[in-house]
Amino acid sequence: MTRRDLVDDVLSAADDPPGPLTDESDAPPATDETDIPPESSDDDLLDALGDEVSRDVLLACNHAPMTAEELAENCDVSESTIYRRLETLSSLGLVERTQRIDAPSKTCYETVVDGLSIHLGDSLRVEAGSSNYVVDAMRTLLAAIDVQQLAYDREQNSVDVRFRLAPHLLDSLVELYVRDTNSREE
């Protein structure tokens, strides 16, 4: 089995429903991934994220649905600026119109993604959808290490991994492990 096959096996297993290796309380809610409309391009997404007002709108609407008036006040810009950003963010599939229970006659806006991933490979790719921080962390780790051996025991609910690290990464790993262990004991 090649390293790539091993990584693919581990990552595909991470997409399985919660099981013995996942804490169901940490698992993201079971929702469909939000797809970016096909007409939008990665450049459009990156341009929108490069705009401070757009980022402020995404963050504000992520906490609770907000009206354009509330967003304008929160972002300290005009309502016309907010409406332009909302149009762009909506066309990219990042926000959508909604209503609040306390103000059913007012149009509000809500962020509909909780994560964006930028992937570098043969080309740049941006994906929007639900974030799985554990899987993202595993991807990062697996990209940085040379996995020599991996054994998974479903009955014992354990994984044994042997990997090779460059000396500077080994020092960082040990330092992080010691710091994390000490902070849990305090």
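This is a predicted model: local features need pLDDT of at least 70, side-chain atom pairs count only at pLDDT 80 or more; totals for chains, interfaces and linings use all residues.
Local features require pLDDT of at least 70, side-chain atom pairs count only at pLDDT 80 or more, and totals for chains, interfaces and linings use all residues. Residues are numbered from 1 along each chain as its sequence is written, and side-chain values use heavy atoms, with hydrogens and water left out.

Buried denotes under 20% relative accessible area, exposed over 50%, and partly exposed the range in between (1.4 Å probe, protein chains only). In soluble globular proteins, nonpolar side chains tend to be buried together.

Strands β1 (residues 95–100) and β2 (residues 103–111) run antiparallel and are joined by five bridges, where pairing requires at least two DSSP bridges between two strands. The two strands form a hairpin with two residues between them. Arg97 has Tyr109 of β2 as its bridge partner.

With a disulfide defined as a pair of cysteine sulfur atoms within 2.5 Å, the count is zero. Cys61 takes part in no disulfide, the nearest cysteine sulfur being that of Cys75 at 7.9 Å. From the side of Cys75, the closest cysteine sulfur is in Cys61, and the 7.9 Å separation is too far for a bond. Cys61 counts as buried because its relative accessibility is 1%; Cys75 is also buried, at 9%.

A nonpolar surface patch of about 820 Å² comprises Leu150, Tyr152, Val159, Val161, Phe163, Leu170, Leu173, Val174, Tyr177 and Val178. Patch residues have over 30% relative accessible area and no salt bridge, and nonpolar side chains (Val, Leu, Ile, Met, Phe, Trp, Tyr) are joined within 5 Å, like charges within 9 Å. A salt bridge is a side-chain nitrogen of Lys or Arg within 4 Å of a carboxyl oxygen of Asp or Glu. Two or more patch residues each come from β5 (146–153), β6 (158–164) and α7 (167–185), and α7 provides the largest share, with five residues. Tyr177 lies in helix α7 and counts as exposed because its relative accessibility is 57%.

Note on methods
Accessible areas come from the Shrake-Rupley method with a 1.4 Å probe; for residues, only the protein chains shown count as cover. Helices (H or I, at least four residues) and strands (E, at least two) are DSSP runs, numbered from the N terminus.
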